[in-house]
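Student: I have a protein model open and want to work through its packing. Can we go through it in questions and answers?

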Amino acid sequence: MNFVEELKWRGMVHDMMPGTEELLQKEMTSAYVGIDPTADSLHIGHLVSVMMLKHLQVCGHRPIVLVGGATGMIGDPSGKSDERNLLDEETLQKNQDGLKAQLSRFLDFEGDAENKALMVNNYDWMKEFSFLGFIRDIGKHITVNYMMAKDSVKKRITGEANSGLSFTEFTYQLVQGTDFYHLYNTYNCKLQMGGSDQWGNITTGTELIRRMAKEGEEAKAYALTCPLITKADGGKFGKTESGNIWLDPARTSPYKFYQFWLNTSDADAEKYIKIFTLLSQEEVSNLAKEHAEAPHARALQKRLAEEITVMVHGREAYDASVEASQILFGKATTDALKKIDEDTFLAVFEGVPTHTVAKADIEAGLNIVELLATNTNIFPSKGEARKTIKGGGVSLNKEKVANADVVVNADALLNNKYLLAQKGKKNYFVIIAE
């Protein structure tokens with residue numbers, strides 16, 4: 001399989017140095033992507049680079065993930081208007097451990113295959129440099145003129161924010177270039193990949209490798225970048241009102257993760273399914289055709305949400321998310337409601353009106369009319385509550401309330417804390433017993 005052709009039809013090539021495709025067709029190539037461990041979890045903004053590595057491995061090449069223990073202490077100026085906070089070693093180590101666990105869901109780090117994935121930490125070699133050693137052995141090979149010409153530097157110096165650029169950030173491209181040089185010499189890594197905003201940093205690395213080659217040696221390294229992902233409406237990809245969409249289920253529940261992909265627009269879904277799944281060109285084409293014939297069925301969004309949720313969280317979490325998503329649309333059973341965990345329950349009913357009652361009252365047994373009209377104000381009066389119950393218009397935990405004499409006790413509590421009341425078809429209320 002031709003790696004570059006695979007990326008091209010998926011819309012994942014922005015810039016590529018001449019000779020890159022020829023190199024990948026000629027030999028098994030090691031290529032790396034750098035991830036700075038600024039958090040203990042990846043978010044979906046990282047997934048484009050991770051999927052590039054996954055496609056690389058599927059095509060028979062060797063992916064290397066560089067976790068930037070050293071560069072994470074500096075901060076990359078590319079695409080940013082402000083210098084970011086620096087992290088201490090303990091936090092960086094914790095973050096790195098979290099990232100490795102998540103990356104193992106995408107890349108094969110085990111086994112005896114020649115192209116098994118490798119994870120490295122640039123702190124392991126950067127810590128050996130003294131300041132004088134770095135500016136002598138590395139800095140002398142790249143001119144200030146060359147560094148100043150980079151867009152990432154020019155934008156920060158001449159940008160509207162006029163925030164300037166610290167010397168720490170200015171040296172970032174040299175540090176990243178040193179990483180490429182080290183991987184080139186240690187692992188025969190000839191290609192660095194990343195987002196289009198990384199082009200300047202990556203090409204500094206290829207230049208450093210060329211200039212630091214031993215006499216008589218022809219050192220050639222390559223660069224390939226993907227476009228920065230945008231939404232069709234111009235909004236920032238991966239951002240919601242509540243912040244990033246994380247891969248860590250403790251930060252973003254599998255249900256919310258699944259819902260993010262399910263709720264993408266038609267235009268975005270057709271683009272994202274190429275980038276974030278391993279579906280073939282034929283499969284994507286068939287899905288796009290199916291979607292065009294019946295857009296209301298949302299075939300693209302459903303398959304996209306399935307593929308990526310299973311990849312990140314597993315089949316069981318995906319099935320639970322699908323089941324949970326049915327609850328609001330009246331198709332779920334009481335058993336399904338009882339099976340979902342508290343985080344998912346709260347995510348499903350986020351924004352629904354809530355009422356609090358004394359748990360002791362529930363444990364003692366509480367008449368349904370008293371619960372709905374006295375202990376809460378879901379109904380303005382007992383009379384209206386009785387009338388609606390008699391007409392079959394009240395459900396508790398997705399079961400119709402048979403009559404006004406029903407007594408609610410602790411056995412009805414979901415997650416030992418919640419009741420779900422429903423008035424009519426669409427009016428939900430969460431009752432919290434505490």
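Student: At what angle do α15 and helix α16 pack, and what does that make α15 to α16?

Tutor: This is a predicted model, in which local features need pLDDT of at least 70, side-chain atom pairs count only at pLDDT 80 or more, and totals for chains, interfaces and linings use all residues. The axes of α15 and helix α16 (residues 315–326) are 7 Å apart, and the two pack at an angle of about 135°. Angles under 35 degrees count as roughly parallel, over 145 as roughly antiparallel, 65 to 115 as roughly perpendicular and the rest as oblique. α15 is therefore, relative to α16, oblique.

Student: Which residues of α16 do residues of α15 meet?

Tutor: Numbering runs from 1 along each chain as its sequence is written, and side-chain values use heavy atoms, without hydrogens and water. Contact means heavy atoms within 4.5 Å. From α15 come A305, E306, T309, V310 and H313; their partners in α16 are R315, A317 and Y318.

Student: How are α14 and α15 oriented to each other?

Tutor: Axes are lines fitted to C-alpha atoms, for helices over the stretch in contact, and angles run from 0 to 180 degrees between N-to-C directions. Helix α14 (residues 281–293) and helix α15 (residues 299–313) have axes that come within 8 Å. Those axes cross at roughly 140°. The pair is therefore oblique.

Student: What is the phi of R298?

Tutor: R298 sits in the loop between α14 and α15. R298 is a residue other than glycine, yet its phi is positive, near 55°.

Student: How many of the nine residues of helix α12 are buried?

Tutor: The buried residues of α12 are P254, Y255, F257, Y258, Q259, F260, W261 and L262. Helix α12 (residues 254–262) is largely enclosed by the rest of the structure, because its buried residues number eight of nine.

Student: How far is T252 from D343, C-alpha to C-alpha?

Tutor: T252 is in the loop between β8 (243–244) and α12. At 5% relative accessible area, T252 is buried. Beyond four places in sequence, T252 touches N244, I245, W246 and F257. T252 and D343 are 91 residues apart along the chain, and their C-alpha atoms are separated by 9.7 Å.

Student: Which residues does T344 touch, not counting those up to four places away in sequence?

Tutor: T344 lies in helix α18 (residues 342–348). Its 9% relative accessibility makes T344 buried. With those sequence neighbours set aside, T344 touches Y255 and A324.

Student: Where is I432, and what is its C-alpha distance to L414?

Tutor: I432 belongs to strand β15 (residues 427–433), and at 18% relative accessible area I432 is buried. Leaving aside neighbours within four places, its contacts are T354, H355, T356, V357, K417 and Y418. L414 is 18 residues away in sequence. In space, C-alpha to C-alpha, I432 and L414 are separated by 9.6 Å.

Student: How many helices and strands does the protein have?

Tutor: Helices (H or I, at least four residues) and strands (E, at least two) are DSSP runs, numbered from the N terminus. Of the 434 residues, 51% count as buried. The C-alpha trace spans about 95 × 45 × 45 Å along its principal axes. The secondary structure comes to 21 helices and 15 strands.

Key
Buried means under 20% relative accessible area, exposed over 50%, partly exposed in between (1.4 Å probe, protein chains only).
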